[in-house]
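Morning, everyone. Please bring the structure up on the screen, and we will walk through it piece by piece.

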Amino acid sequence: MSNSLTRRSILRGAMGGGAVSVALPFLDCFLNSNGTALAATGGPLPYSLGLWWQGLGLNPGSWEPSTIGKGFELRNELKVLEPFRDKLNLYTGTKYFLDGRPLETHTTGYEIASTGGIPMGNNSGASLDMNVADVIGKNTRFRSLEISLDGSRGSYSTRGGSTKNPSEGSPVALYQRIFGPQFTDPNAAEFTPDPMVMARRSVLSYVTDQRQSVIKQLGASDRERLDRYFTSLREVEHQLDLEMQKPAPLEACTVPGEPAEAKPGSVVMDADANNRLFGALVAHALACGQTRVFSIDVGAAGLRKQGSSLTWHMLTHEEPVDEAIGYQKESTWFMNWANSAFAGFLKELDSIPEGDGTVLDRVLVLWQTDHGDARIHTMDALPVMTVGSAGGRIKTGLHVSAHGDPATRVGLTVQQAMGVPISAWGDRSNETSKTITEVLA
Amino acid sequence: MTPKLSKFVPYALTGVLGMLGVAGALIAPGTNSDQAVLAAEPVSESSMTTRRLTSEQYKTVIADVFGPTISLGGRFEPELRVDGLFEVGAGLVSVSPSGMEQYDAMARTIASQVVDEAHRDLLIPCKPQSVTAPDDACVSEFVSKVGRLLFRRALADEERQAYVMAARDATETLGDFYTGLSLSLGAMLTSPQFLFRHEVLEDDPAHKGAYRLDAYSRASRLSFFLWNSSPDLPLLAAAEKGDLYTEKGVAQQVERMLDSPRLRDGVRAFFSDMLHFDGLETLTKDTTIYPKFNAQVASDAREQTLRTLVHALVDARGDYRDIFTTKETFLTQELASLYKVPLVNNVPNGSPDTWQAYEFPESDPRAGIQMQISFVALHSHPGRSSPTLRGKALRETMLCQKVPSPPGDVNFTLVQDTSNPVYKTARTRLQAHANEPMCAGCHKITDPIGLALENFNGAGGWQTKENGEVIDTTGSLDGIAFEDGIGLGQALRNNPAVPSCLVDRVSAYALGRTPSKNEAPWIRELKDHFAANGYVVPALMKEITTSPEFFRASMPGMDEMKEARAGVN
């Protein structure tokens with residue numbers, strides 16, 4: 001982003017009080033002549049990262065394939081992902097390490113998976129999606145999008161400290177946020193910068209200009225928090241900057257229809273409907289260059305069937321194992337549902353053609369969970385998956401056995417594939433420098 | 001002229017800017033390696049803690065400054081509860097990017113209403129010379145007056161100037177005075193000075209080398225604690241006159257504030273925080289199992305309990321412990337039908353306020369706030385009650401005791417009789433936990449009190465049988481046995497941990513942080529006096545605000561350093 005574009009003085013001069021149509025230069029992205037690649041970098045379409053957080057694990061002994069490497073079988077709870085078999089990697093045998101710290105059930109595992117360690121008190125490190133967003137998300141309107149399928153506002157995404165990036169639970173609200181009045185269609189023939197946006201941008205800079213003077217009055221911990229506040233304010237400014245420039249055309253970008261009123265909530269039927277809507281919105285947001293990083297929290301714990309007094313989480317603890325089949329029947333129904341929701345979400349990404357493939361081809365989605373066996377809160381034998389190749393950065397169709405290794409190995413590998421310059425990731429026993437080299441292209 | 005407008009008009013700004021010029025060699029706080037460098041560099045003032053406004057404070061301030069008809073048009077990011085309180089977590093949180101988008105959207109929504117044709121004559125103290133051109137003098141007047149209320153202090157010249165320039169820029173770009181003014185006001189509402197409460201230390205003239213909390217910070221502490229809002233103009237004026245540096249001046253303001261109807265807002269805000277009433281905003285129940293429960297019921301349930309508390313504790317200056325046994329409450333016709341009690345309508349026909357006092361008869365098995373929907377429905381599952389969640393909530397919110405999380409790697413099949421998976425009542429289901437040593441430790445803490453509330457289903461409705469079996473509500477709390485929920489209320493009322501917990505929570509809420517070990521003697525004294533004075537909550541609030549500890553200034557980390565040193569020696 002050119003700084004000179006954002007200066008108040010120039011804005012005032014350029015606008016002169018009225019609406020004028022100006023041909024501002026594209027940012028750093030130009031399509032080449034066939035519309036598939038970005039001429040400015042000469043590279044392929046930009047790659048993206050998605051995180052899928054699905055709690056309550058899978059049934060141990062049921063889903064693991066018997067062969068490693070290529071040609072593995074998707075068994076039982078994973079069968080529903082068959083259409084994506086060639087785009088999918090499965091990682092088995094990894095663990096979350098507690099290092100003697102207390103286990104906050106259904107929370108600690110997620111914390112390790114997202115930040116590489118267990119937070120001290122209320123202070124956590126940054127989550128991996130934020131590390132990635134800092135590398136690939138700088139020029140998009142939204143550095144990241146956080147979504148929940150059960151309507152809750154929590155998330156595992158954080159810049160560190162005590163502030164989480166809250167989830168959006170309503171597809172209607174997410175639609176408004178991305179494709180509402182502030183959306184600029186990259187393929188529109190005409191571009192007229194909105195003088196209101198210019199005025200807002202100019203006024204906001206009076207606040208952002210105070211950054212140094214405010215921060216220097218504060219103690220160390222307040223300084224960090226106010227610095228995060230100013231960084232978030234800078235994101236709003238950045239959005240206004242983008243709205244003032246004609247975006248580069250994007251072949252695959254179409255504006256989706258506004259979803260009819262959705263019902264955010266923890267009933268599976270609602271979560272399922274919202275999942276499809278969110279999937280379509282994310283796919284269009286990626287195709288329209290609005291973001292490159294997203295997280296989906298399935299919100300497994302509170303999910304339930306309409307009319308049932310038991311939630312999925314309660315079932316994992318209270319439902320007896322069916323002796324005849326060897327697992328909990330109802331809990332498994334939920335696992336199968338959640339994996340089919342995952343497949344449905346992927347299908348939305350796969351349904352927008354782009355270049356030689358689909359949007360899914362330039363995305364890497366990382367699937368993680370909180371426990372290996374939710375029924376007894378185990379922290380090992382975790383199921384982990386990635387789907388998509390991030391535009392060829394990851395080899396796919398592989399089953400990797402990493403028995404006894406920290407689950408953070410997958411997180412490290414994903415971050416490295418996304419261009420995060422780190423050679424090790426995680427804290428204490430969850431720290432690893434062992435990249436899963438067999439999947440790196 | 002509305003009462004809201006009168007906040008601006010009768011009180012002229014007097015020479016308040018002198019406050020900001022207080023100079024002194026104050027070191028910047030912090031224990032990092034830069035400290036030596038910072039200490040060598042005298043700065044005129046320094047903040048000690050910075051807290052983000054809670055969503056409730058934001059709402060109250062906007063309503064107080066611009067009137068209750070202004071809608072916010074946005075939503076807040078989730079808050080962080082630390083040591084049982086959002087008010088403590090507010091000192092740890094920042095703003096996320098999507099949270100900032102929302103603050104920005106709310107700021108513009110609020111500001112555009114302030115300048116719209118319905119409000120501008122009431123809320124803007126001057127008229128521009130032309131509605132299409134900048135008018136620095138009018139903007140300056142508005143910014144000074146509103147800024148003082150939003151930033152909780154007088155604006156420095158250069159701050160005021162910046163917002164005047166911002167309005168001028170925007171007006172020139174858009175050719176409309178009021179839109180330009182509204183964008184400038186929007187910027188004030190997204191600024192850190194509004195969204196965060198900075199506390200400022202200054203040299204203490206009475207003690208060389210020591211610091212004290214500056215007058216504006218004192219005013220904010222008082223008003224946010226007692227009223228859950230910004231200081232009003234008389235309080236700002238008292239701060240500017242130096243009254244808040246004297247015991248007498250503070251006592252005068254505290255007296256005035258405790259007598260104000262706004263004390264109710266402060267008490268309501270405290271109990272909403274302590275009782276986790278934010279949970280009622282998103283509480284949902286299974287509509288098949290509990291068809292009558294909806295968002296309106298949840299919101300009314302919250303209002304019922306807050307009205308019960310305000311009446312008992314503020315209006316009647318009653319004994320805090322009686323909230324667990326009181327038969328007096330407030331109901332709407334809708335709530336009365338959920339509680340299945342006859343409520344003779346005595347509000348005027350068509351009155352918008354449909355709340356009326358109600359007293360459960362002596363023979364009714366219900367009493368106390370722990371038997372109200374706001375408690376029993378909040379601490380339940382979506383489709384059934386939960387003695388464990390209710391017991392845990394009583395322990396944690398009313399008794400300030402921490403119940404540990406369930407252990408990892410526990411095989412729950414041990415507590416399941418697979419040959420007979422359907423237990424008829426919660427008691428029999430939970431009995432299995434009690435027989436398993438790994439589980440029994442914690443379930444012994446929660447279940448015997450939670451089971452006493454089993455006559456309330458997951459939505460707060462009354463039940464005497466579960467799956468055809470009569471519900472047994474006997475239980476015990478710390479050695480005191482009881483028969484039912486009424487007995488539990490008595491046991492809570494007489495448990496010394498109950499008032500002790502309240503003092504812990506109120507003092508942490510007042511300070512906006514967890515009190516340090518150095519403050520323990522003060523807290524003990526507060527507890528003794530609370531008991532001696534008959535457990536009257538406003539009296540406790542008065543004692544807190546008139547104690548030197550309430551305004552005690554310390555560097556962040558200073559107490560911890562002292563404590564660490566004491567530990568070494």
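Which residue in strand 5 of chain A is the bridge partner of Leu49(A)? Val293(A) is that partner. Keep in mind that this is a predicted model.

Strand 5 of chain A covers residues 293-297. Who are its neighbours? Take strand 1 of chain A, residues 48-53. Strand 1 and strand 5 of chain A run parallel, and five bridges join them. Now strand 4 of chain A, residues 145-148. Strand 4 also pairs with strand 5 of chain A in the parallel sense, over four bridges.

Next, the side chains. In a regular strand they alternate between the two faces of the sheet. Look at strand 5 of chain A with that in mind. Val293(A), Ser295(A) and Asp297(A) point one way. Phe294(A) and Ile296(A) point the other way. Are these residues buried or exposed? All are buried. That is five of the five residues in strand 5 of chain A, so the rest of the structure largely encloses this strand.

On to helices, still in chain A. Find helix 3, residues 128-136, and helix 11, residues 408-417. Their axes lie 10 Å apart, and the helices pack at an angle of about 10°. Angles under 35 degrees count as roughly parallel, so helix 3 of chain A is roughly parallel to helix 11 of chain A. Which residues make the contact? From helix 3 of chain A, they are Leu128(A), Asn131(A) and Val132(A). From helix 11 of chain A, they are Gly411(A), Val414(A) and Gln415(A). By class, that contact has three nonpolar residues, three polar and no charged ones.

Now the two chains together. On the chain B side, 59 residues are in contact with 60 residues of chain A. Strand 1, helix 4, helix 7 and helix 8 of chain B each supply at least two residues to that side. Helix 7 of chain B gives the largest share, eight residues. What about classes? The chain B side divides into 25 nonpolar, 25 polar and nine charged residues.

Last stop: helix 15 of chain B, residues 295-315. How far does this helix reach? Its 21 residues span 28 Å from first C-alpha to last, close to the 30 Å expected at 1.5 Å a residue. Then look just after helix 15 of chain B. Arg317(B) takes a positive phi there, about 45°.

Thanks. Over to you for questions.

Methods: Residues are numbered from 1 along each chain as its sequence is written. Chains are lettered from A and ligands numbered from 1 in the order in which they are written. This is a predicted model: local features need pLDDT of at least 70, side-chain atom pairs count only at pLDDT 80 or more; totals for chains, interfaces and linings use all residues. A residue is buried if 20 or more other C-beta atoms lie within 10 Å of its own, exposed if 12 or fewer, and partly exposed in between; C-beta atoms are placed from the backbone. Two strands pair if DSSP finds at least two bridges between them. Axes are lines fitted to C-alpha atoms, for helices over the stretch in contact, and angles run from 0 to 180 degrees between N-to-C directions. Angles under 35 degrees count as roughly parallel, over 145 as roughly antiparallel, 65 to 115 as roughly perpendicular and the rest as oblique. Two residues are in contact if their C-beta atoms, placed from the backbone, lie within 7 Å. Ala, Val, Leu, Ile, Met, Phe, Trp, Tyr, Cys and Pro count as nonpolar, Asp, Glu, Lys and Arg as charged, and the others, Gly among them, as polar. The expected span of a helix is 1.5 Å times one less than its number of residues.
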